[in-house]
Amino acid sequence: MKSLEGALNIELNETTIYVVDDVQINLKILQNMLQTRGYHVLTFQNGGMALNAATKNPPDLILLDIMIPEMDGFEVCRHLKSNAALKEIPVLFISTLEETSDKVKAFSVGGVDYVNKPFQEEEVLARVETNLRLRKMQLELNKNNLYLKELVQEKVREISESQHSTIVALANLAEYRDEETGEHIKRTQQF
């Protein structure tokens, strides 16, 4: 799996896009369109092959047809989203299905976008680039949140140590003045 830092430095020639469609001409059109933009493109004619490949080498984005053999695109997307290592990969559905219910279903199973066939190159590229940018921003946000969480934990540890030192100093001071009070403060500190 790609590291968080690796994913944050997405360069076009480092960005891997999977295209899953059972129609060879669609695969070729999309592959050529995306490779011309500098993306690394892998094509699959069924969802099972794409899932196996994603498990070994997760892509940055998946273009997924709904009407594919073995398991449809909805099922493929469900499998992706149920796998912790793959669930954050953006899935853009590409389909001839134009019913609103099909589009809603695509989003409900975890798709982030939907492009109707026959697709237009400008639209596909705009949606791919937008979703890759969104993914990059999400990864940056996750990295910053992790950094802030670690920073807060460090500051809490420092404050705790400072409080401990203050209690010990007060106990020593009180013990110096009154041994019974000093011992009481030390016992309170242990709690």
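A polar contact is a pair of N or O atoms within 3.5 Å, and within protein one of the two must be able to donate a hydrogen and the other to accept it. Keep that in mind for Lys 81. The side chain of Lys 81 reaches the backbone oxygen of Lys 87 at 2.9 Å. The model shown here is predicted.

Start with the overall layout. The protein has seven helices and five strands. From the N terminus on, the order of elements is α-β-α-β-α-β-α-β-α-β-α-α. The protein has 191 residues, and 35% of them count as buried. Now take the contacts with a separation of 6 or more. Residues 24 or more positions apart account for 59% of these.

Return to Lys 81. Lys 81 sits in helix 4, which covers residues 73–82. Its relative accessibility is 22%, so Lys 81 counts as partly exposed. Which residues does Lys 81 touch, leaving aside those up to four places away in sequence? They are Lys 87, Glu 88, Ile 89, Val 91, Val 109 and Gly 110. Take Val 109 from that list. Lys 81 and Val 109 are 28 residues apart along the chain, yet their C-alpha atoms are separated by 7.9 Å.

Glu 88 and Gln 138 are 50 residues apart in sequence. In space, they are 9.6 Å apart, C-alpha to C-alpha. Gln 138 belongs to helix 6, which runs over residues 121–177. With 34% relative accessibility, Gln 138 counts as partly exposed.

Asp 113 lies in strand 5, made of residues 113–116. Is Asp 113 buried or exposed? Its relative accessibility is 13%, so Asp 113 counts as buried.

Now look at how helix 4 packs against helix 3. Two packed helices are described by the angle between their axes and the distance between the axes. Helix 3 spans residues 47–56. The angle between helix 3 and helix 4 is about 15 degrees, and their axes are 10 Å apart. Angles under 35 degrees count as roughly parallel, and helix 3 and helix 4 are therefore roughly parallel to each other. Helix 3 passes helix 4 in a right-handed crossing. Helix 3 contributes Gly 47, Leu 51 and Ala 54 to the contact, while helix 4 contributes Val 76, His 79 and Leu 80. Of the residues in this contact, four are nonpolar, two are polar and none are charged.

Stay with helix 3. Which of its residues are buried? They are Gly 47, Gly 48, Ala 50, Leu 51, Ala 53 and Ala 54. What do these buried residues pack against? Their partners are strand 1 (16–20), strand 2 (40–44) and helix 4. The start of helix 3 has a further detail. There, a side-chain oxygen of Asn 46 comes to within 3.1 Å of the backbone nitrogen of Gly 48.

Two points in the backbone deserve a look. Most residues other than glycine have a negative phi, and most peptide bonds are trans. Glu 70 is not a glycine, but its phi is positive, at about 75 degrees. Where is Glu 70? Glu 70 is in the loop between strand 3 (61–65) and helix 4. At 70% relative accessibility, Glu 70 counts as exposed.

The other point is a peptide bond. The bond from Lys 117 to Pro 118 is cis, with omega near -5 degrees. Pro 118 is in the loop between strand 5 and helix 6.

Note on methods: Residues are numbered from 1 along each chain as its sequence is written. This is a predicted model: local features need pLDDT of at least 70, side-chain atom pairs count only at pLDDT 80 or more; totals for chains, interfaces and linings use all residues. Side-chain values use heavy atoms; hydrogens and water are left out. Axes are lines fitted to C-alpha atoms, for helices over the stretch in contact, and angles run from 0 to 180 degrees between N-to-C directions. Helices (H or I, at least four residues) and strands (E, at least two) are DSSP runs, numbered from the N terminus. Angles under 35 degrees count as roughly parallel, over 145 as roughly antiparallel, 65 to 115 as roughly perpendicular and the rest as oblique. A crossing is left-handed if the near helix is turned anticlockwise from the far one by less than a right angle, and right-handed if clockwise. Contact means heavy atoms within 4.5 Å. Ala, Val, Leu, Ile, Met, Phe, Trp, Tyr, Cys and Pro count as nonpolar, Asp, Glu, Lys and Arg as charged, and the others, Gly among them, as polar. Buried means under 20% relative accessible area, exposed over 50%, partly exposed in between (1.4 Å probe, protein chains only).
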